[in-house]
Amino acid sequence: MTVKLVMLKSGEDVVADVKEIKSNEEVIGYYFEDPLIIKLEQPDDSTLLTENNESSIKQYLSKVNVTFYPWIPLSKDKTIPCSADWVVTIVEPIDQLKFQYQEQVNERNKNYQNSTVIN
């Protein structure tokens, strides 16, 4: 699994298992498997300022809550193609984000397998 954090032109941050779509060795797009949008929220009491008197270094520490939402939530598809020209950048997510993403995907897959349709 190649979990990456992707920033799109729309401003959305998507975390997904990313694979390249190539044509004649040129990347023309990406497949996002199990894509989730990331929303960051900062709690009111999360900012802490410390000052180191010896070297006059200031540090800002802050906590952030991460919430995941399905990207294209009404699609049945688990793997969604995205054109390369809609991608601003692709980066390696921090370990904690990768871990939380994998937990979310595992939970979604487990719930999907256990779901039944009643008419």
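K22 is partly exposed, with a relative accessible area of 47%. E20 is also partly exposed, at 47%. The term covers the range between buried (under 20% relative accessible area) and exposed (over 50%), computed with a 1.4 Å probe on protein chains only. E20 and K22 form a salt bridge, with the closest N and O atoms 3.6 Å apart. A salt bridge here is a side-chain nitrogen of Lys or Arg within 4 Å of a carboxyl oxygen of Asp or Glu.

The model is predicted: local features need pLDDT of at least 70, side-chain atom pairs count only at pLDDT 80 or more, and totals for chains, interfaces and linings use all residues. Residues are numbered from 1 along each chain as its sequence is written, and side-chain values use heavy atoms, leaving out hydrogens and water.

Six salt bridges are counted by this rule. D17 pairs with K19, the closest N and O atoms lying 3.0 Å apart. D17 is buried, at 7% relative accessibility. K19 is partly exposed, with a relative accessible area of 41%.

K78 and D34 meet through their side chains in a salt bridge (3.7 Å, N to O). This pair links distant parts of the chain, 44 residues apart. K78 sits in the loop between β6 (65-70) and β7 (79-83), and D34 belongs to strand β3. Helices (H or I, at least four residues) and strands (E, at least two) are DSSP runs, numbered from the N terminus. K78 is partly exposed, at 38% relative accessible area. D34 counts as buried, at 7%. A network of salt bridges links K4, E92 and K98.

The second largest pocket holds about 260 Å³ of space. Its lining comprises 13 residues, of which I38, L40, V66, I94 and L97 are the closest to the pocket centre. A pocket is an open set of points on a 1 Å grid over the protein atoms alone, where a 1.4 Å probe fits, with protein on both sides within 12 Å along at least five of seven lines; lining residues have an atom within 4 Å of a point. Points are joined across faces, edges and corners, and the volume is the space filled by probe spheres set on them.

β3 (26-41) and α1 (95-114) each supply at least two lining residues of this pocket. α1 gives the most, with three. By class, the lining has nine nonpolar residues (Ala, Val, Leu, Ile, Met, Phe, Trp, Tyr, Cys and Pro count as such), two charged (Asp, Glu, Lys and Arg) and two polar (the others, Gly among them).
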